[in-house]
Amino acid sequence: MTVAVIGAGPSGLATLKALADRGVPAVCFDPGERVGGLWVIGGPHSSAYRTLHLNTSKGRTEFADHPMPAGWPDYPDHARVAAYLQDYAQTHGLLRHVRLQHTVEQVRRVGERWEVTVRGPSGTSTDVYAAVIVANGHNSVPKTPTYPGQATVEQMHSHDYRDPAQLTGKRVLVVGGGNSAMDIAVDSSYAADSTLISLRRGVWIVPKYLLGKPSDTLNGALAKRLPWRLRQRISQTTLRMAVGKPSRYGLPDPAHGFLQDHPTLSDSLLSRISHGEIAPRPGISWVDGTTVTFTDGSCEDVDLIVWCTGYRVDLPFLDPALLGAGPETLPLYRRVFHLDAPGLMFVGLMQSTGAALPVVEAQARLAAAHLAGTYALPTPAEQRADCAAQLAAARDRWGDRRPAMRIDFDAYIDLAARELAAGTRRAADHRGILWKDPA
Ligand SMILES: Cc1cc2nc3c(=O)[nH]c(=O)nc-3n(C[C@H](O)[C@H](O)[C@H](O)COP(=O)(O)OP(=O)(O)OC[C@H]3O[C@@H](n4cnc5c(N)ncnc54)[C@H](O)[C@@H]3O)c2cc1C
Ligand SMILES: NC(=O)c1ccc[n+]([C@@H]2O[C@H](COP(=O)([O-])OP(=O)(O)OC[C@H]3O[C@@H](n4cnc5c(N)ncnc54)[C@H](OP(=O)(O)O)[C@@H]3O)[C@@H](O)[C@H]2O)c1
């Protein structure tokens, strides 16, 4: 039995490591020239830029079985993260399983097996695999909005942003309240002639340090003891004391509570606003020519709009029939196992409140244990009931913003460890669904 892994970013690499640890043969495809996914700046799907640093701290980001070097700063840059991932692959002997410059074009279910079509330098080939693990990332296909009006102004998406030189000498409008918007607005405030930032709703902007420690470590310490509602109150109070309300800086105040949205981190945005180098604006109503009209009726002439409006999940190689209402709403048991297609698994198809790497490492361990026959899934009815309960809880917390994909970092790490133990007991007791090699 061989397993096909799609993508050699952090998720694909963690998957290869977990499969190798369990003795499950695997081959991994990636169109890039190096492993490391979006952290390899200039890679085929990379959204990384020259000034990019981790916004999750080193200690909360590293794989559990591969620490980042002790001498590194708390928030290393993209080059260090890419080097770390390359080192992870080399140290654990993963590179021999990776076919670089190979793009998966199609995955088809044929009986109980999976037919995978791959395009590489010497053409297209199709092979059959026992299982497929999808780890192709979801931060590389831009979501670009259109607003009413006849816009002629130059526009780009954050996906195509690489270097502050792209902003030099321009009147720049950055749109969005996520981490791309924070970083690019700050870069722009140094490189461009002028910088506006437009937010259609308020976000909590968290500095990288709180109480002298990387801010995600504080929440992590509290998570062991307190439910998220209580952590929310403590975090909001700490944030108010540290930086005050966003409206103090001319930004909209968030309507939702902290920990009920993807965290937005920036040490510099509020400071650059307070220096008058970035001017906040509300949402956009329409764009005509080079003039942007905002929801408060004000207008600005700009030379460049940078849409930092996020990314969409794209699984173009999968039969849409396997994706139900769409990839963002796909129910997956423990965000890993497809409910109707045994042998189809996903690693990294989630949006975490914290770092990605420990989460995908935990997911990879579940998938590998299942394929090694030591972890049994619960019955299909139990899987469905669990997905429904998780979705209801996520809706309650995150509303309609990608609830199916949301996970609480600390709660998930804990849940995945308990799940592995529970599935191992099920397997030992011959309960639940054990993996059957179609061969
Ligand atoms: C600008 C930016 C900054 C970020 N900062 C942080 C951070 O500070 N901390 C953090 O934890 N997370 C961060 N993230 C989230 C980031 O997605 C994760 O860190 C991590 O890269 C996810 O790993 P992945 O392997 O799932 O996806 P990716 O890193 O995107 O890797 C996916 C891989 O799949 C490959 N692939 C795609 N399509 C195919 C195909 N058809 N066939 C074969 N291979 C394919 C791609 O080439 C790529 O190598 C950031 C994201 C962005 C966009
Ligand atoms: N390490 C880092 O420093 C770093 C840097 C960049 C990105 N990242 C990561 O990369 C991922 C993507 O981040 P991102 O910032 O690119 O995307 P994102 O987190 O999805 O944020 C997109 C932002 O655009 C807004 N938006 C969406 N559609 C809009 C529209 N039609 N009009 C106006 N605003 C709109 C959203 O507002 P609504 O919420 O109202 O939709 C949101 O504020 C995240 O995981 C992030 O943490 C990390």
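A polar contact is a pair of N or O atoms within 3.5 Å; inside the protein, one atom must be able to donate a hydrogen and the other to accept it, and residues adjacent in sequence count only if both atoms are side-chain atoms. Keep that in mind as we walk through this predicted model, in which local features need pLDDT of at least 70, side-chain atom pairs count only at pLDDT 80 or more, and totals for chains, interfaces and linings use all residues. Residues are numbered from 1 along each chain as its sequence is written, chains are lettered from A and ligands numbered from 1 in the order in which they are written, and side-chain values use heavy atoms, with hydrogens and water left out.

On its own, ligand 1 exposes 980 Å², and the protein buries 90% of that (accessible areas come from the Shrake-Rupley method with a 1.4 Å probe, and for residues only the protein chains shown count as cover). There are 27 residues around ligand 1, and Ser11, Asp30, Asn55, Thr56 and Ala356 come nearest; a residue is near a molecule or strand if one of its heavy atoms lies within 4 Å of it. By class, this shell has 13 nonpolar, 13 polar and 1 charged residues. Here Ala, Val, Leu, Ile, Met, Phe, Trp, Tyr, Cys and Pro count as nonpolar, Asp, Glu, Lys and Arg as charged, and the others, Gly among them, as polar.

Now move to ligand 2. A polar side-chain atom of Arg201 lies 2.4 Å from an oxygen atom of ligand 2, and one of His262 lies 2.7 Å from an oxygen atom of the ligand. Tyr147 has a polar side-chain atom 2.5 Å from a nitrogen atom of ligand 2. The protein covers 80% of the 920 Å² of accessible area that ligand 2 has on its own. Helix α4 (residues 179-191) gives the largest share of the shell, 3 residues; helices (H or I, at least four residues) and strands (E, at least two) are DSSP runs, numbered from the N terminus.

On a 1 Å grid over the protein atoms alone, a cavity is a set of points where a 1.4 Å probe fits but cannot get out, a pocket is an open set with protein on both sides within 12 Å along at least five of seven lines, and lining residues have an atom within 4 Å of a point. Grid points are joined across faces, edges and corners, and a volume is the space filled by probe spheres set on the points. The largest cavity holds about 70 Å³, and Trp204 and Tyr249 are among the residues that line it.
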